[in-house]
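Trainee: I would like to learn how to read strands, turns and packing in a model. Could we work through one case together?

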Amino acid sequence: MKNKWKVGFFVLLGMIILGFVIIVSMIFMPVKDDALPDNNKNTDKQVGFNVETNKKDLNLIIEHYIEEEGMKGPVDYDVQLKDDVELLGSVPVFTSDLDFKLNFEPKALDNGDILLKQKSISVGSLNLPVNYVLKVIRDSYNFPDWVKIQPNDELIYVSLQDMKLKSDVKVRANEFDLKEDNISFRLLVPVDRAQ
């Protein structure tokens, strides 16, 4: 009778150690970044219009876009513009979900795209590496092709030039200052100059 308990104990201990080793190896496994897009876009046959907006209206547009494009994936996530860009959601861990919140500082680039640099993170009460959390988020959610998550650099690259809009309209960010609520874009509408 004592041998069965000993064997059972060592099997259980072995399973716990194996589970711990798997979790630790997943956390410290090298992460591969998404490739960034080519920034040399042809704008010869386009007419531009400047559009100014605010955080409140842009939050509504982002929410609508996520819903319409079916980008929620198996687990819901939200993007909210406050003084920073906030990415809220949950990641599956064994049989439960851990809530997370990542704050990003946005920057409009010269090419019209937006760079989101990771500023702070909270994942339940755990202290997990940012690159691991970004990798799990990238692999768990349905982000559009024009959103590139770079776990190693702790940033998200939003290639507005590659965003698919009706009538082939392109978007470029001019200003993206959330603290001052100063947000402006340039819409580039294709035209046929042969007419």
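**Reading strands, turns and packing**

Mentor: This is a predicted model.

Trainee: What is the phi of E154?

Mentor: E154 has a positive phi of about 55°, although the residue is not a glycine. The turn containing E154 belongs to a hairpin formed by β6 and β7, with 4 residues between the two strands.

Trainee: How many bridges join β6 to β7, and in which sense do they run?

Mentor: The two strands run antiparallel and are joined by 4 bridges. One of the pairs to look at is Q150 with its bridge partner L155 in β7. β7 also pairs with strand β5 (residues 114-123), in the antiparallel sense and over 4 bridges. There, I114 has V158 of β7 as its bridge partner.

Trainee: How should I read the two faces of a strand such as β7?

Mentor: In a regular strand the side chains alternate between the two faces of the sheet. In β7, L155 and Y157 lie on one side, I156 and V158 on the other, and all four are buried, leaving both faces covered.

Trainee: Where is D181 found?

Mentor: D181 is in the loop between β8 (170-177) and β9 (182-190). β8 and β9 form a hairpin with 4 residues between them, and D181 in the turn has a positive phi of about 55°. D181 is not a glycine. With a relative accessible area of 33%, D181 is partly exposed.

Trainee: How many bridges join β8 to β9?

Mentor: There are 7 bridges between β8 and β9, which run antiparallel. Within this pairing, E175 stands opposite S184 in β9.

Trainee: In what order do the strands of the open sheet lie?

Mentor: The order is β1-β9-β8, with antiparallel pairing among the 3 strands. β1 (46-53) and β8 each have a single partner strand and stand at the edges, so one side of each has no neighbour in the sheet. On average, neighbouring strands here are turned by 20° against each other, direction ignored.

Trainee: What packs on this sheet?

Mentor: Helix α2 (residues 55-68) does, touching β1, β8 and β9, and its direction makes about 50° with that of β9. As for the pairing of β1 with β9, these strands run antiparallel and are joined by 8 bridges. T53 stands opposite I183 in β9.

Trainee: How do I describe an aromatic pair?

Mentor: A pair of aromatic rings is described by the distance of the centres and the angle of the planes. This structure holds 1 aromatic pair. F176 and F185 form this pair, at 6.2 Å centre to centre and with 70° between the planes. The arrangement is edge-to-face, since planes over 60 degrees apart are classed that way. Both F176 and F185 are buried.

Trainee: Why is helix α3 described as largely enclosed by the rest of the structure?

Mentor: Helix α3 (residues 130-140) is largely enclosed because 8 of its 11 residues are buried. The buried residues of α3 are V130, Y132, V133, L134, V136, I137, R138 and S140.

Methods
Residues are numbered from 1 along each chain as its sequence is written. This is a predicted model: local features need pLDDT of at least 70, side-chain atom pairs count only at pLDDT 80 or more; totals for chains, interfaces and linings use all residues. Side-chain values use heavy atoms; hydrogens and water are left out. Buried means under 20% relative accessible area, exposed over 50%, partly exposed in between (1.4 Å probe, protein chains only). Two strands pair if DSSP finds at least two bridges between them. Rings of Phe, Tyr and Trp (its six-membered ring) pair if their centres lie within 6.5 Å; planes under 30 degrees apart count as stacked, over 60 as edge-to-face and the rest as tilted. Axes are lines fitted to C-alpha atoms, for helices over the stretch in contact, and angles run from 0 to 180 degrees between N-to-C directions. Contact means heavy atoms within 4.5 Å.
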